[in-house]
Amino acid sequence: NRRGPRRGRTVHMSSAVTVASSTALSSRASVRGASQPRRDAASPVARRRPVAMSASGMKVAVTGAGGRTGSLCMKLLAQSPEFAPPRGLVRSDKSAAKVKKLLGAESDAECVIGDVSDAASCRALCEGCDGLVILTSAVPKPKIASLVVAIASKILPWMDAKRPEFYFPDEGRPELVDWAYQKNQIDAAKAAGVRKVVLVSSMGGTQIDNFLNTMGDGNILLWKRKAEMYLKASGLDYAIVHPGGLLDKEGEKRELLAGVDDSLLSGDRRSVPRADVARVAVACLTLAEAKNVSFDLASREEGEGSGATADVGALLANLPGEYDYSKPTGSPVPLP
């Protein structure tokens with residue numbers, strides 16, 4: 001059985017890799033917890049679940065668990081009786097402490113400290129897990145001088161409007177973080193026998209000229225797309241979520257909108273609360289409607305439309321078609 005870790009446990013991946021090469025992790029002897037009764041196969045939850053699980057619930061690893069969306073995923077997984085205590089990858093003790101504070105002292109969730117740049121760490125993270133949620137992304141940084149100019153252009157009427165300029169740190173380039181290191185995670189999931197991978201990416205992947213691709217000359221959306229296509233071809237059961245602009249707003253308050261091929265970008269509702277992205281990502285781990293699917297995600301304003309979306313399965317069942325990965329053509333990033 002896959003069991004939950006010791007309460008409040010934090011593991012450094014340097015030691016976890018050693019454990020993974022021993023019989024301790026492979027036999028699950030290093031993690032402990034009480035088993036829960038297996039759900040009846042006739043229950044509605046069991047009928048909807050295409051992923052086979054152990055008696056203690058689905059064990060899920062989360063990368064980027066210390067981020068704002070990742071920590072929300074950790075909280076949802078930790079609070080749900082459908083899942084075993086989650087295992088989250090964070091980059092520092094400080095980040096682990098923040099996650100633990102969010103989850104509460106009584107949570108059995110596990111934080112491991114490591115980096116997705118290390119393939120061995122990714123393999124150790126995925127060992128013994130049924131699912132993986134990938135929430136890692138390159139993050140552009142503003143050039144301070146350009147930021148000052150942009151602010152001044154808003155204040156001084158005689159100046160033309162200027163946008164701030166951005167750059168990516170050498171080890172934080174999209175080519176690495178959004179392609180090579182996501183490939184590490186996908187390969188690790190496949191090697192560990194993970195049954196479901198949910199990749200949280202971004203809208204705009206069909207658009208070479210999208211503004212996000214110009215930031216730091218990083219072509220971030222195209223490198224993300226390359227990772228998506230690799231996952232799609234991996235043979236793993238996958239769900240790929242393309243959220244619009246992320247809002248730090250309360251979840252379960254808005255009607256959610258799902259589309260394909262960046263069609264939502266042509267409308268005026270192109271953002272979505274992080275909390276709803278986390279909720280959809282967690283739902284995709286178990287929903288039959290989320291088997292091998294890619295989709296875009298946005299939301300209406302609170303109070304608009306037909307009210308808050310409660311049924312993620314129904315949302316996905318009504319997608320307007322399959323995502324077309326033949327787009328874009330002429331990409332400067334080599335795509336399969």
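The model is predicted.

**The sheet**

An open sheet of nine strands runs in the order β1-β4-β3-β2-β5-β8-β9-β13-β11, with mixed pairing. At its edges lie β1 (10-12) and β11 (256-259), each of which pairs on one side only. Direction ignored, neighbouring strands of this sheet are turned against each other by 20° on average. Strands of a sheet pair through backbone hydrogen bonds, in either a parallel or an antiparallel sense. The table lists some of the strand pairs.

| Strand pair | Sense | Bridges |
|---|---|---|
| β2 (residues 60-63) and β5 | parallel | four bridges |
| β8 (residues 196-200) and β9 | parallel | five bridges |
| β9 and β13 (residues 293-299) | parallel | five bridges |

Individual residues mark these pairings. Thr63 stands opposite Ile134 in β5.

**Strand β9**

Strand β9 (residues 237-243) is largely enclosed by the rest of the structure, because seven of its seven residues are buried. Both of its faces are covered: Asp237, Ala239, Val241 and Pro243 are buried on one side, and Tyr238, Ile240 and His242 are buried on the other.

Helix α6 lies across β2, β3, β4 and β5, and runs at about 160° to β3.

**Two buried residues**

Asp130 is placed in the loop between α6 (119-126) and β5 (131-134). Is Asp130 buried or exposed? Its relative accessibility is 0%, so Asp130 counts as buried. The side chain of Asp130 makes a polar contact with the side chain of Arg195, at 2.5 Å.

Val333 belongs to the segment after α12 (312-317). With a relative accessibility of 2%, Val333 also counts as buried, because buried means under 20%. Which residues does Val333 touch, not counting residues up to four places away in sequence? They are Asn219, Leu222, Trp223 and Lys226. Val333 and Leu221 are 112 residues apart in sequence, while their C-alpha atoms are 9.8 Å apart in space.

Notes:
Residues numbered from 1 in each chain as written. Predicted model: local features only at pLDDT ≥ 70, side-chain atom pairs only at ≥ 80, totals over all residues. Heavy atoms only, no water. Buried < 20%, exposed > 50% of the residue type's maximum accessible area, 1.4 Å probe, protein only. Contact = heavy atoms within 4.5 Å. Polar contact = N/O pair within 3.5 Å; in protein donor to acceptor, adjacent residues only side chain to side chain. Pairing = 2+ DSSP bridges. Axes fitted to C-alpha atoms, helices over the stretch in contact; angles between N-to-C directions.
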